[in-house]
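The following report describes a protein chain for a reader who has its sequence and coordinates at hand. Please keep both in view while reading.

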Amino acid sequence: MKQYFLFLILIFTITSIHAQTKLIKASAYLDVKSGKLIQPANLLIENGLIKSINPKSIPENIKVIDLGSQILLPGLMDMHVHLNNDFIPNYFTLFVTDNASKSALRAAKNAEATLMAGFTTVRNIGQLHPSIELIDVALAEASDNGWINAPRIIPTGHALGITGGHADLSMQGGFAETVMDLGPEYGIADGTDEFVKAARYQIKHGAKAIKIMATAGMSSLEGPSGAQQMTKEEITAVVEEANRHNITVAAHAHGSDGIVASLQAGVTSIEHGSLLSDEAIKLLIQKGAYLVPTNALLDIIPLSYDKMNPIVVEKSKNNLPLAIESLEKAIKAGVKIALGTDAPLVPHGKNALELSAMMKRGMKSIDAIRAATINSAEMLKISDRGEIKEGLLADIIAVETNPLEDIKTLENVTFVMKGGTIYKND
């Protein structure tokens with residue numbers, strides 16, 4: 001009897017392993033580090049990981065996913081999204097017309113669109129809602145638990161910034177006094193002590209990275225978008241607190257003064273970087289910091305001026321040509337770049353438009369793909385994703401043509417797997 005039960009346990013174990021094991025067959029996969037296509041592409045997937053690549057022997061009775069002539073890549077990564085917002089007429093009123101529940105549902109909708117576009121990891125960089133609850137943290141946990149179809153989400157909670165600055169949601173819509181007077185828990189702070197408190201609150205409630213607003217912005221109504229807002233001392237206080245928790249800091253920064261102050265303080269990345277001076281580019285390289293340029297929106301925003309406040313339109317018209325020039329200079333100088341779209345300014349689910357936009361500014365196709373894969377993973381200090389490699393997460397996408405020759409094929413992903421689970425197979 002004992003041997004019989006041992007036999008049943010063995011059969012159950014073997015069956016369970018095979019039920020979790022899959023074989024993906026395709027014509028080739030892209031080795032993003034070498035920049036070469038490897039043929040053929042037989043990937044053995046087990047327990048959500050890439051167990052082996054082109055194995056000599058294949059287990060019997062496993063599920064085979066035959067993708068024919070398609071080409072595999074690691075799941076793409078977008079380092080600058082706002083999942084709980086949509087770029088619609090009067091979009092800035094969503095802060096007061098959506099309650100937290102509706103905002104979370106909006107975020108779930110946009111998260112699914114992003115996943116189906118082949119982006120298996122995103123950094124939700126600043127919750128655009130005045131809820132004290134961190135919506136993006138709840139969304140990340142729902143994704144991890146399999147409750148929703150969504151990418152892996154790196155939540156940052158509320159962005160940190162000064163009273164009346166770009167992080168202050170009242171400046172998005174020009175709201176009257178008392179309508180949205182927010183404090184450190186919501187990211188609005190003044191002085192080093194308040195900024196430390198603001199950072200600690202986000203981390204306490206689940207933020208896995210911190211975003212600061214070092215300068216003014218293009219989409220809010222306060223002064224020139226390049227004007228520095230946080231002091232170097234305030235930025236340093238946030239960076240030191242984040243370092244104690246081993247998490248990264250992203251600095252929204254358009255103007256050179258704010259960029260330089262942020263880099264001197266030790267931030268991980270500069271978001272946008274529209275007005276890069278030679279000093280700023282030199283510091284980016286010296287510090288090993290990343291630029292997340294959000295460049296595709298520069299081609300999209302002019303088509304949507306009718307949705308925007310005239311003050312914001314004027315800011316955009318002044319800054320867009322300078323932002324294009326800045327990215328071109330950064331690419332030529334060899335600055336490390338990670339992909340970010342600022343979705344919904346680039347529509348959720350159209351994130352891959354950023355790849356061709358970076359190529360338009362002078363980047364090679366393989367470097368654009370690296371920005372969306374290994375560069376983003378390295379920036380986040382995450383070593384379990386970003387390439388097709390044995391032992392890494394089975395976050396895998398497929399396209400019909402060679403992305404090194406046609407980057408736009410990544411705008412039409414045909415297959416999406418996250419953690420060994422298939423979410424899309426056209």
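Histidine 272 lies in strand S13 (residues 269-272); strands (E, at least two residues) and helices (H or I, at least four) are DSSP runs, numbered from the N terminus. The model is predicted: local features need pLDDT of at least 70, side-chain atom pairs count only at pLDDT 80 or more, and totals for chains, interfaces and linings use all residues. Residues are numbered from 1 along each chain as its sequence is written, and side-chain values use heavy atoms, with hydrogens and water left out.

Although histidine 272 is not a glycine, its phi is positive, at about 85°. Is this residue buried or exposed? Histidine 272 is buried, with a relative accessible area of 9%; buried means under 20% relative accessible area, exposed over 50%, and partly exposed in between (1.4 Å probe, protein chains only).

Lysine 381 also has a positive phi, near 60°, and is a residue other than glycine. Its place is the loop between helix H14 (374-379) and strand S16 (396-399). Lysine 381 counts as exposed, at 58% relative accessibility.

| Cis peptide bond | Omega |
|---|---|
| glutamine 39 and proline 40 | about -10° |
| alanine 343 and proline 344 | about 25° |

Proline 40 is found in the loop between strand S3 (36-38) and strand S4 (41-46). Proline 344 lies in the loop between strand S15 (336-337) and helix H12 (353-360).

Leaving aside neighbours within four places in sequence, the contacts (heavy atoms within 4.5 Å) of isoleucine 270 include Ala251, Ile259, Leu284 and Val292.

For the chain as a whole, the secondary structure comes to 14 helices and 18 strands. Buried residues make up 59% of the 426 residues. A compact globule with 426 residues would have a radius of gyration near 22 Å, and the chain agrees, with 22 Å; this radius is taken over C-alpha atoms, and the globule rule is 2.2 Å times the number of residues to the power 0.38.
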